[in-house]
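This report describes one protein chain for a reader who is new to structural analysis. Please keep the sequence and the structure in view while reading.

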Amino acid sequence: MVMADKRIIEVDEYGRRLIVDSLNDKRNELIEKGVSTDHVDDVLMDVIDAPTKKDKRRSREMELER
């Protein structure tokens, strides 16, 4: 399998939840059709396990307030 370039996107918690719910809906559709869900499962787990990025601006503002 050839690995494609990775894409990095930033979404807030609402957007992340929307992506997870949409992928889960797609997974359920594939299960109903009896089709393999392997690729959707992989992407779903990537989204669920994606690390959070700390907002550096917020950290700097908090440091200045001290």
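Two residues are in contact when they have heavy atoms within 4.5 Å of each other.

## Basis of the model

The model is predicted: local features need pLDDT of at least 70, side-chain atom pairs count only at pLDDT 80 or more, and totals for chains, interfaces and linings use all residues. Residues are numbered from 1 along each chain as its sequence is written, and side-chain values use heavy atoms, with hydrogens and water left out.

## Overall fold

The chain contains three helices and zero strands, which follow one another in the pattern α-α-α. Helices (H or I, at least four residues) and strands (E, at least two) are DSSP runs, numbered from the N terminus. The chain has 66 residues, of which 12% count as buried. Buried means under 20% relative accessible area, exposed means over 50%, and partly exposed lies in between (1.4 Å probe, protein chains only).

## The nonpolar core

In soluble globular proteins, nonpolar side chains tend to be buried together. A nonpolar core is a set of buried Ala, Val, Leu, Ile, Met, Phe, Trp, Tyr and Cys residues joined through side-chain atoms within 4.5 Å. Here the largest such core has six residues: Val20, Leu23, Leu30, Val40, Leu44 and Val47. Helix H1 (13-33) and helix H2 (38-49) are the elements that give two or more residues to this core.

Leucine 44 touches Val20, Leu23, Asn24 and Arg27, when residues up to four places away in sequence are not counted.

## Two loop residues

Is threonine 37 buried or exposed? Threonine 37 lies in the loop between H1 and H2 and is buried, with a relative accessible area of 11%. Leaving aside neighbours within four places in sequence, threonine 37 is in contact with Arg27, Leu30 and Ile31.

Lysine 53 is in the loop between H2 and helix H3 (56-65). Lysine 53 is exposed, with a relative accessible area of 65%. Lysine 53 and glutamate 10 are 43 residues apart along the chain, and their C-alpha atoms are separated by 8.6 Å. Their side chains make a polar contact (3.1 Å). A polar contact is a pair of N or O atoms within 3.5 Å; within protein, one must be able to donate a hydrogen and the other to accept it, and residues adjacent in sequence count only if both atoms are side-chain atoms.
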